[in-house]
Amino acid sequence: MKTLFSIVATLLVLAISGCAPQVDTMADQAALGNVAEQYSAACGAGDAVALTALFTDDAVWMPPNQPAKVGKEVIEEQYRALFDQLTCELELNQEEIAVAGDWAFDRTTYTVTLSPKTEGEPVKDRGKYINIYRRQPDGSWKIATHIWNSDLPAGGAE
Amino acid sequence: MKTLFSIVATLLVLAISGCAPQVDIDAERAAVLEAFIEAKQAVAAKDMESFVSIFADGASRFPPNAPRVTGNDAIREFVSEWFAAPGLAFSFPEPGSAEVSSAGDLGYTTGSYEVTVNDAEGNPVTSRGKVVVVWKKQSDGTWKAVLDIWNSDGPAASE
């Protein structure tokens, strides 16, 4: 009888809690917010390795006015080339973060100032992006797709 | 004792089946991809009503080189200007890909496009680009776009 009760208790726990969402959305929202913070920090530090570490191995990077680039190594080369020439001041404002189980997306606005390391005037841009994130086996989130565009007229800088 | 067994049986059923996903993910993914294909057909046909109807209330578009466009009225106005561009012709060489959430309520599609527009001299210029659309399942079971963003693979001013 005792055994039966413990079976009932176990099943009751399973029936109630097992059906609740498995996802801690608040923690996920915080973790996804943290990705944006790390992204800005890595840009500010000119750290292509830290920045690329935020992406999945097979990430698709979709910049304006260039074909998409696929894979972490290729993405790292892009950032390395950028940071060789320019310093980056990036501000991000995540307007929406939505978690959809094992993936998530955010829509975010950015303002960026890219200043030449040698000579020349800084270039300012502002725009918007969508990231698609993938939950990793260790529970962390990485960027699987990154697409953005400028709010400014084509070729126009502020 | 009989009652206890029936409680155990009920709980067992709940514990096993009640927590299994009720969603047919493959069917939902196919439905999202179909919505994406229909949206692209509407764009290719420059069919204003069909295209505007793919968007959920309060949806946003993230166009290149312009601020975001939010809400049905603003989207309608934006699309009407978009479709009026001289020589505009869209085509979508690939079907694209779709993903849905395990809960079957949120999805996204990615794809590419080819667009031709006339330059200042009236000569057609074709460029390629890429697009991401986020979809949300509506209470009536249809999938509507809540957000889309795209950009050109080509040089600036050829969006």
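**Before selecting anything**

Residues are numbered from 1 along each chain as its sequence is written, while chains are lettered from A and ligands numbered from 1 in the order in which they are written. Because the model is predicted, local features need pLDDT of at least 70 and side-chain atom pairs count only at pLDDT 80 or more, with totals for chains, interfaces and linings using all residues; side-chain values use heavy atoms, leaving out hydrogens and water.

**Stop 1: chain A**

Select chain A and colour by secondary structure. Chain A has 4 helices and 6 strands. Helices (H or I, at least four residues) and strands (E, at least two) are DSSP runs, numbered from the N terminus. Along the sequence their pattern is α-α-α-β-β-α-β-β-β-β. Of the 158 residues in chain A, 40% are buried. Buried means under 20% relative accessible area, exposed means over 50%, and partly exposed lies in between (1.4 Å probe, protein chains only). Among contacts (heavy atoms within 4.5 Å) in chain A between residues at least 6 apart in sequence, 52% join residues at least 24 apart.

**Stop 2: the sheet of chain A**

Now show the strands of chain A. In what order do the 6 strands lie in the open sheet? The order is 2-1-6-5-4-3, and the pairing is mixed. Strand 2 (69-70) and strand 3 stand at the edges; each has a single partner strand, so one side of each is left without a neighbour in the sheet. Two strands pair if DSSP finds at least two bridges between them. Select strand 1 (residues 55-62) of chain A together with strand 2 of chain A: they pair in the antiparallel sense over 2 bridges. Val60(A) has Val70(A), in strand 2 of chain A, as its bridge partner.

**Stop 3: Asp125(A)**

Select Asp125(A), which belongs to strand 5 (residues 123-135) of chain A. Beyond its neighbours within four places in sequence, Asp125(A) is in contact with Tyr110(A), Thr111(A), Val112(A), Ser150(A) and Leu152(A). Asp151(A) is 26 residues from Asp125(A) in sequence, and their C-alpha atoms are 7.9 Å apart.

**Stop 4: the largest pocket**

A pocket is an open set of points on a 1 Å grid over the protein atoms alone, with protein on both sides within 12 Å along at least five of seven lines; a cavity is a set where a 1.4 Å probe fits but cannot get out, and lining residues have an atom within 4 Å of a point. The largest pocket holds about 800 Å³ of space. Its lining has 22 nonpolar, 9 polar and 3 charged residues. Elements that each supply at least two lining residues include helix 2 (25-45) and strand 5 of chain A.

**Stop 5: chain B and its hairpin**

Switch to chain B, which has 4 helices and 7 strands. Buried residues make up 42% of its 159 residues. Strand 4 and strand 5 (residues 106-118) of chain B run antiparallel, joined by 4 bridges. Opposite Val100(B) stands Gly107(B), in strand 5 of chain B. The hairpin of these strands has 5 residues between them, and Gly104(B) takes a positive phi near 70°.

**Stop 6: the largest cavity**

The whole structure has 1 cavity of 30 Å³ or more. To find the largest cavity, select Val43(B), Arg61(B), Phe92(B), Val131(B) and Asp148(B), the closest to its centre of the 15 residues that line it. Helix 2 of chain B gives the largest share of the lining, 4 residues.

Methods
Points joined across faces, edges and corners; volume = space filled by probe spheres on them. Nonpolar A, V, L, I, M, F, W, Y, C, P; charged D, E, K, R; others polar.
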